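Welcome to this structure. Here are a few notes to read alongside it, point by point.

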Amino acid sequence: MIPVRLRLRNFMSYGEDVPPLDFSQFSAVCLTGDNGHGKSALLDAITWALWGQTRAKNLDDVVRLGQEEAEVEFEFELEDERYRVLRKRSLRPRSGLSSLELQGFDRHSGQWRALSGSSIRDTEAKITQLLRMNYETFINSVFVLQGRADEFTTRRPAERKRILADILGLSVFDALEARAKMHRGALDQQVQALDQRLEELRQAVARKEELAAALAAQQETLAQLQAELQATQAHHEALTQRASTLRLQHQRADELARRQQQLQRELQEAARQKAQHARRLADFEAIVKQEAAITAAYEELQALQAQEHQYHALAETHAALQQEAARLQQAIAAAAQRLELELHGVQQRRQEVAVRLETCQQTLQAAPRIEAAYQQLQQLRQREAELAQTLQRRYVLEQRRREVEQRLQQKRHALELQQRSLLDRQQEWQQKEASLATWEERLRALQAELQEAERTKQRLDEVRATGVTLKVQIEQSIPQALATLQEEVRQQHTTRRLLDQAGAHCPLCEKALTDAERQRVLRKLAQEIAQRQRRIEELEHEAQRLQQQRQALRLEYKQLEQKLEQRAELEQQYALVQTRLEEARQARQALAALMAQLQELDAQLASGSYAAEELAALQQLTAELEGLAYDPTAHQALRRDLQRLAEAEVQYARLEQARTEVAELQAQLQALAQQAARLEQALGTQQFAEAERAELHAVQQRLAQLQFDPAAYQALRQRLQALQPAAQQYATLELARQQLQAERLALERLEATQQRWEAELQALAAEAQQHASVLADLHQTEAALTQTAAQLANLRAREGEARLALGRLQSRYEDCLQREAELEERQAQRTQLVTERALYGDLAQIFSKNGIQALIIENALPELEDEANRILARITDNAMHLTLETQRDTRSGSVIETLDIKISDALGTRHYELFSGGEAFRINFALRIALSKLLARRAGARLRTLVIDEGFGTQDSQGLERLLEVIKAIQDDFAKIIIITHLRDLKNAFATHIEVKKDPLRGSFYQVLS
């Protein structure tokens, strides 16, 4: 990823009018500026645009104070393709609102095309996939953020290994491992389910012959019951027909009784209606007698309503004129208020212009002093440029001398490194040789523990098999046997209830039984019921005993599983001990050759007969540096004077601006005074809103001419309210006139109807006496029908139970045949699933962190270690050497995976955590540059940019010089290198600068200087 263009708006300390930053102008640049002016904010803008993350803790903190919206647009190149990311953050909604767009440039059409996802989360995932890197990996390798240079080294060993795995793109193997484990787990569940199903199918198929015999017996029983049921049903139908005829006759008698009751109720209702009509007739006659008074009140009401209609039109006109007058008065008051506000604004502006004019005049009075300081500043700058050229020459000579010294030290350091490596290898091999007996003893102990684990596994298999057998007995065999016995007991209880009655029939042959035979059968049934009850109790006790045994087996199974959990670790330890044992045996053989190499290296270092050409060049460069005329004290004093006079340039700019503004401000002040006088005159004479004043006078004249009396209008409305009941009384009078004759006719009709119903009631009583003899015959027939229905219901129930039993047997037999076919299919399916499960288990192990990922990391670590040591040697003058260890022995004798950083220097070998200050920064810098170069060389990461934000303040001058050498040496490995610092010595080493400044009003801004 190579940055091309960055545009900011209201982001952190940057304001509205910030020009875009074009990265195509340089390959290596120094980003400088005072602390807090916004250097790091430029890099935060890049990470915020790509991943939505910055150093800020809150999303809303990226919006500049006082603004409501921030926006960052970032263009970059990736593998010869150009992309653009546009991210915005708005504070207008209470909870904040964000937006994100990803676009790609189409070279053929010259247009940007949208690549965004359906949401911000989807678009961020696309960006991460495009770069093949997330924010955490970015800041741990290529992007060294301020205060986070030690992000990789200070992490825990496991986190270092995770970050390195992300850099190497190993997350794809984690996904593959997860998918393999998911498939293996799914297959495990399928195999377990198949095992349970296979056991069920085997038990079901074992009862096939038994079900066939029971099915034939049940078919014969059903045929006998159907013949008996047919005969009983014919007798029941004859009785039903006889009872139906008698019920029709009895129903006619009931209808006659109901009609008599209905006629009696209707006679009562006719009497009630005659009373109501008589009351209404009397009321109507009383209303007709008051006809004269009601008519007079109604006529007065109509006259007053006509008069009220005329008054209502005058009242509406009067109210409208009053509203118009109020509106015009408000308009006149508003015009006066606007003039007063305008006058206040002019006076305030006049005061501001006067203050600005006074400020400009004071600036002009200080013109001689400002111009003198400005001239002095220009002279000092010219002198500083001359000294900078001298310093640059000195820097070139010192750099050449350092290069010679470095070559000299590299040759010696190469020999020392080789010697140190051989010494470390000697010590390591001696330790391995000394531990040979320990590893042999540990191997024997592990063999004994593994044998014990194998015996535990065999016992676990036995317990599992016994548990499955108990489960089948508890959940299937015993419940089925109990259900069969309970059904037989229920049937025998039913038979005993039938035999309890005298004259009962034999349940098998339907023959009538004597009392002696019935008692004998009852005793036999009681014995059989008691036997089955005892068998049920025995089965229940057996189920409880088996359940207890199953619980004990479960407890033992869990204990055995806990013991077996250590088996995998024991096997790993066994393999590791075998490896260590073989290494110790090989170390014993290699020690002799190693000692010879060490003696040869000691001789070369002791003679000092190397690098003669470098020593001569070093003496010549030292002589040239001593002859160079440069005074650092005078140069430092000159820089202090420049810093002291830096304000003179700002004051000179203000002076020029004051000279151009004085005349303009005086003209503005005179114009504002004339405008204020004109507004005061208009307010004093009230020469405004003249049209509204004339219109108000006309409205007031129309109100006077209207001659409307509100009091008379109110009295008329009160009289109308008092006469409102007269209209209802007049309507009631009209109704009484119309209904008087109708009520008289209704009374006559009710009297005639009452006489007709009394005659019909007498005729119905005579007919009811003829049907009294039918009821006794109906009761006798229904009793016989009830007894036959009970016999028929019993036979139907028995026939239904037999049919259900036959259906159940047929269903069970057909199910048994289906399960027999399913058994063969499931067995073949289980064989295939077991094969697939083993394959996915192997894949999960291969893709795991201890599989191919560990192998890739092991292969990448030497490359990272060599690159870091090459850089560390240059910036520490060969004084430090680091080692990355991926395994560590524990106190218990086992080995764990880790990623420790050990540093060797003059004091010995120590962990990274024991270093601090400048030494720690050099280690961090070497590792971070090595990570970045590793990332740039590997195609999976797609990065060609290196950014370092601060961190150089802990280095002395010699350390800074060596850091600069390393940066220049790796410059060709990256398309863009950006160094952020506030140190002037470091700034002078770069040809291109991005200088960041901050204005109290504009905010931060930058300039590209070459």
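1. Contact, as used here, means heavy atoms within 4.5 Å. Leaving aside neighbours within four places in sequence, Ser13 is in contact with His37, Gly38, Ala41, Arg64, Lys998, Gly1003 and Ser1004.

2. Before going further, please keep in mind that this is a predicted model, where local features need pLDDT of at least 70, side-chain atom pairs count only at pLDDT 80 or more, and totals for chains, interfaces and linings use all residues. Residues are numbered from 1 along each chain as its sequence is written, and side-chain values use heavy atoms, with hydrogens and water left out.

3. How confident is the prediction? pLDDT is the predictor's confidence in each residue, from 0 to 100; the chain has a mean of 77, and 87% of its residues reach 70 or more. Confidence is highest in strand 5 (residues 81-90), at 92, and lowest in strand 8 (residues 143-144), at a mean of 68. Helices (H or I, at least four residues) and strands (E, at least two) are DSSP runs, numbered from the N terminus. Where pLDDT is low, the predicted coordinates should not be read in detail.

4. Back to Ser13, which sits in the loop between strand 1 (2-9) and strand 2 (21-22). Ser13 has a relative accessible area of 15% and is therefore buried (under 20% relative accessible area; exposed is over 50%, partly exposed in between, with a 1.4 Å probe and protein chains only). Its side chain and that of Ser1004 are joined by a polar contact of 2.7 Å. Such a contact is a pair of N or O atoms within 3.5 Å; within protein, one must be able to donate a hydrogen and the other to accept it, and residues adjacent in sequence count only if both atoms are side-chain atoms.

5. The loop between strand 1 and strand 2 also holds Asn10 and Met12. Asn10 is buried at 1% relative accessible area, and Met12 is buried at 18%. Each is a residue other than glycine with a positive phi, near 60° for Asn10 and near 55° for Met12.

6. Which residues of helix 2 are buried? They are Thr123, Ile127, Leu130 and Leu131. The buried residues pack against helix 1 (39-51), strand 4 (69-78), strand 5 and strand 6 (97-106). Just after helix 2, Arg132 takes a positive phi of about 60°.
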